[in-house]
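Please open the model in a viewer and keep the sequence at hand.

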Amino acid sequence: MPTPDIHAVELAETAAAAFRQVFGAEPEGVWAAPGRVNLIGEHTDYNEGFVMPFALPFYAAAAVSKSETWEFHSTYGNGDTVRADTVGSSVDDGVSGWAGYLAGVAWALNEAGYPVSPVRVAIHSDVPHGAGLSSSAALECAILIALADLHGHEIDRAEAARIAQKAENAYVGAPTGVLDQSASLLCTEGKVMFMDCRDLSREQVPFDLASENLTMLVIDVNAPHRHADGEYASRRADCEEAARQLGVPFLRDAPKHARLEDDRLNRRLRHIITENERVLDTMKILKGGTVAGIGELLTASHASMRDDYEISCTELDSAVDAALEAGALGARMTGGGFGGSAIALVETAAAAKVEAAVIEAAAAKGLRTPRIFVARAAAGAHRVA
Ligand code: GLA
């Protein structure tokens, strides 16, 4: 077993303690899966394009044992325990809320030909909830690798990402792409992962901020995702319609200079075409050995999401603008949009100034205070104990 992430170990201990307290026994093992940020490549995943996430050192830890019945306990919310005999049987097994992510994975594993029997689970997670950092994918992926290990199923990690995505799409009912689950399962420490969402082929690219005296700030703007579900689905529908009008299977296949009559569809198309190009350009710059050079691409990506894809919001724009004015090399919203988080690439010496400027800008506009932390490219999902 590779060395577990040090922070994942702490969380695993808390998950195991909760397991002992609730179920009165030792768990058979503890597995952890991280949240993520996406460096660049937004809403490209369901267009079979390119993404570039890295895992954050926030994890969902699952302490798990085989059992007679399905029992899910979590240390957050009201610390409740959900019991259900129906788990895994269908998408309508009656389990909802956070436990639905776990039940959805059990169902998706069964569907994929990896049968699973009941387990007891205690979950402890510090992936911020509602911050656009993939707290739900972390839950799904932790339970997925736990169930696979306990049932002796060897599942390729890319296939596992598709299975977790299916849980999210068909069971939870969110029409998301494969970005979040792939990031949680496939990212590696110290690297940013370039992935082609057509075939999930990927390359782990060194992401050494410290050697260039750089820092990546993650700015959780502390804004709930307003109308996020409906808006996400409508962007997806726009892309499908644009692809249909162009006669291509996915917008990934659209010619570089493709244009559409309809202004809205044309802007959606332009975002996907230019965003895929920006991911490839980012990849080239990183492989050339410098991180500082990607700043302008990050900022251009934000403008494209704000103006063409229309998924930003006042809070995210405020954070990005303030960071840039205070000297950030580049900044952009990350994730699905309509709230959540932004990232800012800064010289380490300027990090405090940028943080202060982002917080002051929010206060001046009467917005909630953002929560800011320094990102580190952490390890993907792994067994901890
Ligand atoms: C959410 C979805 C992902 C992806 C991003 C946008 O995080 O879950 O599949 O589409 O939004 O890039």
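Seven aromatic pairs are counted when rings of Phe, Tyr and Trp (its six-membered ring) are taken to pair if their centres lie within 6.5 Å, with planes under 30 degrees apart called stacked, over 60 edge-to-face and the rest tilted. Select Phe 58 and Phe 373, an edge-to-face pair with 4.9 Å centre to centre and 75 degrees between the planes. This pair joins distant parts of the chain, since Phe 58 belongs to strand S3 (residues 53-66) and Phe 373 to strand S12 (residues 371-374), 315 residues apart. Helices (H or I, at least four residues) and strands (E, at least two) are DSSP runs, numbered from the N terminus. Phe 58 counts as buried because its relative accessibility is 17%; buried means under 20% relative accessible area, exposed over 50%, and partly exposed in between (1.4 Å probe, protein chains only).

The model is predicted, so local features need pLDDT of at least 70 and side-chain atom pairs count only at pLDDT 80 or more, while totals for chains, interfaces and linings use all residues. Residues are numbered from 1 along each chain as its sequence is written, and side-chain values use heavy atoms, leaving out hydrogens and water.

**The sheet**

Next, select the six strands that form an open sheet of mixed pairing, in the order S5-S4-S6-S3-S1-S13. Its edge strands, S5 (81-84) and S13 (382-383), each pair on one side only; two strands pair if DSSP finds at least two bridges between them.

**Helix H8 and its cover**

Move to helix H8 (residues 295-307). Its 13 residues should span 18 Å at 1.5 Å a residue, and the end C-alpha atoms are 19 Å apart, which agrees; the expected span is 1.5 Å times one less than the number of residues. Buried residues in H8 are Gly 295, Leu 297, Leu 298, Ser 301, His 302, Ser 304 and Met 305. To see what covers them, display helix H7 (263-287), helix H9 (314-325), strand S10 (330-334) and strand S11 (341-347), which are included in the cover.

Remain with S10, where five of the five residues are buried. S10 pairs with S11 in the antiparallel sense over five bridges, and Gly 330 has Leu 345 in S11 as its bridge partner. The two strands form a hairpin with six residues between them, and Gly 335 in the turn has a positive phi of about 90 degrees.

**A buried glutamine**

Select Gln 181 in helix H5 (residues 179-186). Gln 181 counts as buried because its relative accessibility is 1%. Its side chain makes a polar contact with the side chain of Glu 140 at 3.0 Å; such a contact is a pair of N or O atoms within 3.5 Å, where within protein one must be able to donate a hydrogen and the other to accept it, and residues adjacent in sequence count only if both atoms are side-chain atoms.

Most residues other than glycine have a negative phi. Which phi value does Ser 134 have? Its phi is near 70 degrees, a positive value in a residue other than glycine. Ser 134 lies in the loop between strand S6 (119-125) and helix H3 (135-150). Finally, select Glu 48, which has a positive phi of about 60 degrees and is found in the loop between strand S1 (29-38) and strand S2 (50-51).

Note on methods:
Contact means heavy atoms within 4.5 Å.
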